Amino acid sequence: MDQAARVGERRAKPVGHVCLGYARASTARQSFDAQLDSLAEARVTRVFSEKISTRATRRPELEAAVKLAGEIRSSGVAVTLVVHEHKRLGRSIELAMLAEELKVSDVGLEFLTGELKGSHDPSGIVFTVLAAMSEREYIRDRTLEGHGRRRNG
């Protein structure tokens with residue numbers, strides 16, 4: 001089966017719907033209980049979670065969630081990746097790569113809280129805005145953190 005046929009097959013009306021969840025905390029001391037609670041309320045089928053820094057460029061559990069989502073979607077079932085808040089996904093370059101993976105796999109995305117609360121098409125403009133917002137917030141937070149260390153240090 002060629003690529004065009006596979007894409008057409010994926011775009012056919014899905015049979016059923018699966019929601020996969022992703023939760024991330026930046027440090028071992030942080031809890032992601034609130035994220036896990038909101039994902040449970042959203043009735044996700046399976047939750048992938050990890051404690052890993054925002055600075056990490058590789059997130060094994062997120063990669064596993066995206067891989068499984070693609071596999072499920074290729075079987076004809078609609079899939080949505082559900083995340084507590086957009087900040088849990090990472091910075092701009094990671095978001096752009098994630099958007100491309102979700103778009104290719106025809107997987108949806110939903111945020112449960114925050115400015116971007118709701119369901120989104122990863123191929124739309126939302127990711128451009130999302131990446132810009134996340135990068136800006138990251139830079140601001142790191143700048144404030146640096147100022148605080150200088151004042152206290």
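## The sheet

Let's start inside the sheet: Phe-48 of strand 2 is the bridge partner of Tyr-22. Strands here are DSSP runs of E at least two residues long, helices are runs of H or I of at least four, and both are numbered from the N terminus. This is a predicted model, where local features need pLDDT of at least 70 and side-chain atom pairs 80 or more, while totals for chains, interfaces and linings use all residues. Residues count from 1 along each chain as its sequence is written, and side-chain values use heavy atoms, leaving out hydrogens and water.

Strand 1 (residues 17-25) runs parallel to strand 2, and six bridges join them. Two strands pair if DSSP finds at least two bridges between them. The whole sheet is open, with five strands in the order 2-1-3-4-5 and mixed pairing. At its edges sit strand 2 (46-51) and strand 5 (118-120), each pairing on one side only.

## Helices on the sheet

Helix 2 (residues 33-41) packs on the sheet and touches strand 1, strand 2 and strand 3 (78-83). Touching means contact, with heavy atoms within 4.5 Å. Helix 3 (residues 60-74) lies across strand 1, strand 2 and strand 3.

What has the most contacts inside the largest nonpolar core? Tyr-22, Leu-81, Val-83, Leu-89 and Leu-109 do, in a core of 21 residues. Helix 3 gives the largest share, five residues. Such a core is a set of buried Ala, Val, Leu, Ile, Met, Phe, Trp, Tyr and Cys residues joined through side-chain atoms within 4.5 Å, buried being under 20% relative accessible area with a 1.4 Å probe, protein chains only.

How values were computed. Axes are lines fitted to C-alpha atoms, for helices over the stretch in contact, and angles run from 0 to 180 degrees between N-to-C directions. Buried means under 20% relative accessible area, exposed over 50%, partly exposed in between (1.4 Å probe, protein chains only).
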